[in-house]
Amino acid sequence: MGFAARTLVEAYPGPAAIVDRDACVLVANGRWSGDGRPAEGTTLTGAPGGCPAHAQLAGIVRDLTPAAEPAVLTCQCDGAASAVRVAHLESDCGAPRRLITVTAAAAGPDAAGHAKSQFLALLGHEIRTPVTTVVATVDLLRAQPLPQDVREVVDSVHRSVHALKALTDDLLDLARLETGSLTVDHEPVPLRAVLEGIVEPLQQQARRKGILLLAAPAPDLPAMVLGDAGRLRQVLTGVVGNAVKFTESGEVIVTAERDGDDAYVITVSDTGPGIAGPDRERIFAPFVQADSSAARRHEGAGLGLALAARLVAALGGSIDVHSEPGQGSHFAIRLPLEAAPRQPEPAAPLPLTRRRVAVVAPSPRSVLALSWLLTSAGAEPVEARLEDVTRRIPDADTVLWCDDSHDPGAVRRADSVIEALGPTGRALMISTTDPRTGIVRKPGVLTAPLVLSRLVSALNLERTGVRGAPITVPALDGGRVLLAEDNDVNRTVFRRMIQLLGVECDTVADGAAAAEAVLGGTPYDVVLMDLQMPGTDGLEATRRIRAAGSRTPILALTATALHGDRERCLAAGMDGHLSKPITLPELRAALEPYLSAGGDEPEEAAPEPDTGRPDLSKLRDLEDQLEDRALVVTTVNTFLSQLDVRRTALAEALRKQDHDALRATAHTLKSSSALLGADPLAEACAQVERGATAGTSEQELSALVASVENAVAGAVKVMAGYLASDEGGDDAGTR
């Protein structure tokens, strides 16, 4: 039988086995052996000592019908009463199967909780195995140039498969919460980036319904708070996703503000159907929906709010709901957050300073969210009505209003706003539907949900990026990888991903072949080793490799989420641990430390223009213009001394998804690089700056930041050479 059957028996905390109708043991877990129980491939017999339960077992297995209730026998073999349970088991191959489990009388709630957690973790493996293939395949597609309409389809698949993975993770976290094994971090969290990261994936769902979806923290909140970013995202994903799902028209607004001196409140309000009193008591229970009838309109596992409530409690907070049928819902999530001790330096001046913007929105909540977004960028928002705007509000140079770009009346309203503003004003519509297929063409049109960077770019008439471009990941410096993976589809896709990174890849289908390949003399830079493979698994293969004296780096590939997986991998001699599904940027990041540029082919280091070499003549020209080589030398030394700080700041901003900090740091490094003639480095920084401003995806930003790193090496090398040269030295002839 396959992995699914073994997953089932391994999940049970006590002895368990699956047998056929002839009482032959097909699959058994490690706890089954002992007390006279037969091994896999042998037949059930009576236990030593003539235990009546064991004597009846084979007969019960043969006679049990699919419709019969499970049979329970009392066994005294080990000196203490235990229950032997025989149940009919459906099989995908048609032959009848029976599941036999043994439960000790002392087993209590802890054992049941452990069983639940273990079973859900193993179930996660069964789900992640096919999901891994889809994630990797979609990543390969996203790395290719695609027509815009095809890219949107691929992006939709990408979001959907990650939603499936998120559902699996939710099940696991629910089990961990109930067994008390969930861990909570306490680290800096970029609150705005978290809020924007929650609403952006819901864009298509919201605009199909014409929902105005907005998220904004209060302008006076610190950029970084101390908390658990991952758990906060899980909470908001459940609550906000639930609000969008059940709201058919109107708006979903997410705000964050202070709640006293030591807490924050994140509020999610919607204009959905509302929740009746009895249902408000049930919605935080797992696997429950307010409408659980067969005719319900919305699918789902009923996990979102249940997990959110338990996670909020684990974070030391509370979640309350105020709702009445027909009046929408209002969720208040209170968390004991506090400002992080180190805050990023604010940009000066703010990009919308001295702009006075009239805000027209359908409700006080949406007016508040838009006003907070504008205030955070330095603008002065003015609440207004559309009829007031068309009569021209004094001193308002910009009008920001919410509308539907598919509504014929919106064309007339846009014309009225533009006419009232005159030639020097700026009109920007926030469309609740897709503006590309709408009929409004005259003013700028953005789609909700808004993120601050896109709003600023639109108001400042900056480009916001082009969809359809490939999601590129920079190639590595070559090398050779061995991939051990038993799933042939995963093997093919992973191999293509590795090759796309510019790395050679050999593949094997089991652990024994992996050990043979590594010990056979072929020099591999790193091995990617699947854990669950037939015959010899990844852990045993690693032990053989290490026992033979090989220190080739080995990274585990696993689709399970069992507690202690990482520890078992390290104990077997592995160097790291990767959880499936794996994206292309994640794979690159895992391989990069083992595939850094080596010295076997020194001639490849010669073409320095490809490594970001600056134009040295600009440094010489700068000397001539300033008539002061010492000043230029000081400037170069200052640039080099600050370079590591800038690179660290870029990496930290990328990790925290803080686009404002990423843009500001890239801008600073771009300016100084251009001054000193490091044009490739300056251009790489400019691309990061443009991407951060345009709200580019995290994968694209990761690739752009990697390009900066690639350009740094050449810049450092040539500047160091400039510092080492004497005045007017050997480079004088190159000017």
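Helices (H or I, at least four residues) and strands (E, at least two) were taken as DSSP runs and numbered from the N terminus. The model is predicted, and local features need pLDDT of at least 70, side-chain atom pairs count only at pLDDT 80 or more, and totals for chains, interfaces and linings use all residues. Residues are numbered from 1 along each chain as its sequence is written, and side-chain values use heavy atoms, with hydrogens and water left out.

The protein chain contains 23 helices and 23 strands. Of its 735 residues, 49% are buried, where buried means under 20% relative accessible area, exposed over 50% and partly exposed in between (1.4 Å probe, protein chains only). Among contacts (heavy atoms within 4.5 Å) with a separation of 6 or more, 68% are between residues 24 or more positions apart.

Pockets were located on a 1 Å grid over the protein atoms alone, a pocket being an open set of points with protein on both sides within 12 Å along at least five of seven lines; lining residues have an atom within 4 Å of a point. The second largest pocket has a volume of about 1700 Å³, a volume being the space filled by probe spheres set on the points, which are joined across faces, edges and corners. Its lining comprises 50 residues, with Pro344, Glu345, Asp658, Asp660 and Ala661 nearest the centre. Two or more lining residues are given by each of β6 (187-190), α5 (191-199), α13 (452-459), α20 (629-655), α21 (659-675) and α22 (679-693). Helix α21 provides the largest share, 7 residues. The lining of this pocket divides into 28 nonpolar, 10 polar and 12 charged residues (Ala, Val, Leu, Ile, Met, Phe, Trp, Tyr, Cys and Pro nonpolar; Asp, Glu, Lys and Arg charged; the others, Gly among them, polar).

Ser376 belongs to helix α10 (residues 364-376). Ser376 counts as buried because its relative accessibility is 18%. The side chains of Ser376 and Arg192 form a polar contact of 3.0 Å (a pair of N or O atoms within 3.5 Å, one able to donate a hydrogen and the other to accept it; residues adjacent in sequence count only if both atoms are side-chain atoms). Beyond four places in sequence, Ser376 also contacts Pro217, Pro219, Leu350 and Leu452.

A nonpolar core is a set of buried Ala, Val, Leu, Ile, Met, Phe, Trp, Tyr and Cys residues joined through side-chain atoms within 4.5 Å. The largest has 72 residues, and Leu236, Val240, Phe331, Ile333, Leu370, Leu374 and Ile430 have the most contacts inside it. Helix α7 (residues 229-246) supplies the largest share of this core, 8 residues. Apart from it lies another core of 26 residues, including Leu662, Val688, Leu701 and Ala715.

Technical notes. On a 1 Å grid over the protein atoms alone, a cavity is a set of points where a 1.4 Å probe fits but cannot get out, and a pocket is an open set with protein on both sides within 12 Å along at least five of seven lines; lining residues have an atom within 4 Å of a point.
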